[in-house]
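Please look at the sequence and the structure before reading on.

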Amino acid sequence: MDIKSLKPKDKKILAAAMKCGEQRLTLKGIAAEAGVTTKFICDRLKVPEFKQLFIEAMQSSLVAETPAILHTFTQAAKEGSFQHGKLVLELTGVHQEKQKVDLTAKMEVQDSLFKSDEERREFMRDTLKGIINSEEGE
């Protein structure tokens, strides 16, 4: 959907959605700001192309507020908030939580360790004899 092809009401809805980062706007708030009903907005959101533009407008609004959010977090960290300090350090890459990684892996071996089945049996026989002999010697 091309922005130029939007009707004035649609443009007002998107403009109101872009203000969501500046203030807490509900669907009712967006409707009031745009001068339309909530039902009208809900009906427009059923159109996939408009819904995508609406989502992008809301995301842009939040992205625009990111510097202010980071500033608030930094100020709280400077005032001694451990959680805010930790988050700021993680975001800047200075601190990273220790992570435990569980790994399940499967290896495929192309070449056999033994040249033949007889060689494998002989190895097993000698190994088992060695274990039995060491246990008898205890």
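**Helix geometry and packing**

Helix α5 (residues 66–78) has 13 residues and, at 1.5 Å a residue, should span 18 Å, which agrees with its end C-alpha atoms being 18 Å apart; the expected span is 1.5 Å times one less than the number of residues. Helices here are DSSP runs (H or I, at least four residues), numbered from the N terminus. The model is predicted: local features need pLDDT of at least 70, side-chain atom pairs count only at pLDDT 80 or more, and totals for chains, interfaces and linings use all residues. Residues are numbered from 1 along each chain as its sequence is written, and side-chain values use heavy atoms, with hydrogens and water left out.

**Helices α5 and α6**

- The axes of α5 and helix α6 (residues 82–91) come within 7 Å and cross at roughly 125°; axes are lines fitted to C-alpha atoms, for helices over the stretch in contact, and angles run from 0 to 180 degrees between N-to-C directions.
- That angle makes α5 oblique to α6 (angles under 35 degrees count as roughly parallel, over 145 as roughly antiparallel, 65 to 115 as roughly perpendicular and the rest as oblique).
- In α5, L70, F73, T74, A76 and A77 meet H84, G85, L87, V88 and L91 of α6, where contact means heavy atoms within 4.5 Å.
- By class, the contact of α5 with α6 has 7 nonpolar, 3 polar and no charged residues (Ala, Val, Leu, Ile, Met, Phe, Trp, Tyr, Cys and Pro count as nonpolar, Asp, Glu, Lys and Arg as charged, and the others, Gly among them, as polar).
- After α5 comes G80, with a positive phi near 110°.

**Helices α1 and α2**

- Helix α1 (residues 8–17) packs with helix α2 (residues 27–34) at an angle of about 130°, and their axes are 8 Å apart.
- This makes α1 oblique to α2.
- K12, I13, A16 and A17 of α1 make the contact with I30, E33 and A34 of α2.
- The residues of this contact of α1 with α2 comprise 5 nonpolar, no polar and 2 charged.
- α2 is followed by G35, whose phi is positive, near 75°.

**Buried residues**

- G29, I30, A31 and A34 of α2 are buried (under 20% relative accessible area, against exposed over 50% and partly exposed in between, with a 1.4 Å probe and protein chains only).
- These buried residues of α2 pack against α1, α3 (38–44) and α4 (48–64).
- D10 is found in helix α1 and is buried, with a relative accessible area of 3%.
- Not counting residues up to four places away in sequence, D10 touches F40, R44 and F50.

Definitions and conventions: Helices (H or I, at least four residues) and strands (E, at least two) are DSSP runs, numbered from the N terminus.
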